[in-house]
Amino acid sequence: MTHQTLTTDTIRERVEAAFPALLNELIQLVAIPSVSSAPEHAADLQASAEHVRDRFAALGLDADIYSVTTPEGIEGKPAVVAHTPRIDGAPTVLLYAHHDIQPVGDVGRWASDPYTAEVRGDRLYGRGTSDDGAGIIVHLGALTVLAQDLGVNVTVFIEGEEELGSPSFVTFLETYREQLEADVIVVADSDNWKVGEPALTSSLRGNCVCTVDVTIADHAVHSGMFGGPILDSNIIACELIATLHDAAGDVAVAGLGGNPHADVDWPEEEFRQAAGVLDSYQLAGTADLAARMWTMPAISVIGFDATPVEKASNTISPHTRFRLSMRTVPGVEPKDAMDALVAHLESHAPRGAQVVVTPNEYGPGYQADLDSEVTALLHEVLTEAWGVPSVNIGVGGSIPFISDFQRVFPSAQVVVTGVEDPMTNAHSEDESQSIPDLKAAIVAESLLLARLAN
């Protein structure tokens, strides 16, 4: 490949010309139900990988599909790795996204078929439009726009199991280390501040998951014969769960850390609109609203085993199980946070009930190097592409594999950006992608790759 410096106007013109075809590519991706968590969609996941591989191969990249099996016997999902023709002496940039998606849930709650992308206004609706089909299209678009003018080596890595927690990710990095090694890693799987306002992700919370078993007796008994002196295990479990927050709704577990202040103001009315909470619902916590989402801990009950209503009987339950998800503060080790949570649960066992906590998952958080040259350059191109200043934002969700990138490739500069926004509804019904923001993101990544060559 030969390299020439492209002006911003030239890049914008090329994006404008290529965008209708790129938007159609996203529509085609949405039509493939690549749900990595559902065995019945295994063929669709493979088809999605093949579709993505073929699109990058059509641009002249050496593209193939890979998977690994972990030492524990976990079989990884298909991932696409593609390389541009080698330019000796040029830096290497790895572009990450993922092609797997979340299940659609109750289809009746969608306004349209989740696998048939539909344009409504300036948004494209459908499962995977934003998380993370748009990320794939940003990479595809930037490489399309730069074509023969690319001045860096590019490795494209499109994972197939991010929505599963990337269980084979570390094994994949170690197995294909030479193919994936890069000077700069761009992760396109995060958020912008608002529609029309770009952002660099400065931090991500970590995540810990545990299962809690609460036992009060060795067998069930009749609620009429024994009810009164004995509270059932469901009530006892609820009493235990209630100790996790104080009266204001702040997490009451000691030792989790947190920063109650945020760099930006998130108006409560905008937050409520994005979250869809009832007008009457009182938000929890006392820190800055954005900080409650980004730099403070959060604990949620994500599963609860109890007798279904249709099978209810006059019986006092002896045992209850529930599962907790705890978002940890950036910079706090997940193992330390889990230890604090376990100590709290065990020390707050109501009425002498037996409480057994089993840790299930640990996912580290992420803290960006805000002083790196690539961070400064990314802010520059985001601001130029959108025409408004780019800001640093934290993200409440977790992307644990970013710390794996940092550990396996310690000399690489990792930056995290994306095309989602508060209205995206990722993982929920009516997921959507802002079309103008998708176009701007392609311009930004094209500018980034062009300027990294220098």
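Reader: How much space lies in the largest cavity?
Author: A cavity is a set of points on a 1 Å grid over the protein atoms alone where a 1.4 Å probe fits but cannot get out, and its volume is the space filled by probe spheres on those points, joined across faces, edges and corners. This is a predicted model, with pLDDT of at least 70 needed for local features and 80 or more for side-chain atom pairs, while totals for chains, interfaces and linings use all residues. Residues are numbered from 1 along each chain, and side-chain values use heavy atoms, without hydrogens and water. The space in the largest cavity is about 120 Å³.

Reader: Which residues lie closest to the centre of the largest cavity?
Author: Its lining (residues with an atom within 4 Å of a point) has 17 residues. Helix 3 (129-146) and helix 13 are among the elements that give two or more of them. Closest to the centre are V138, T417, G418, A441 and E445.

Reader: What is the volume of the second largest cavity?
Author: The second largest cavity is lined by 15 residues, and L29, S34, H99, I101 and G128 lie nearest its centre. Helix 3 gives the most to this lining, with four residues. The volume is about 100 Å³.

Reader: Which residues does L449 contact, leaving aside neighbours within four places in sequence?
Author: Contact means heavy atoms within 4.5 Å. With its sequence neighbours set aside, L449 touches V93, L95, A142, L143, L146, L150, V152 and V154.

Terms used
On a 1 Å grid over the protein atoms alone, a cavity is a set of points where a 1.4 Å probe fits but cannot get out, and a pocket is an open set with protein on both sides within 12 Å along at least five of seven lines; lining residues have an atom within 4 Å of a point.
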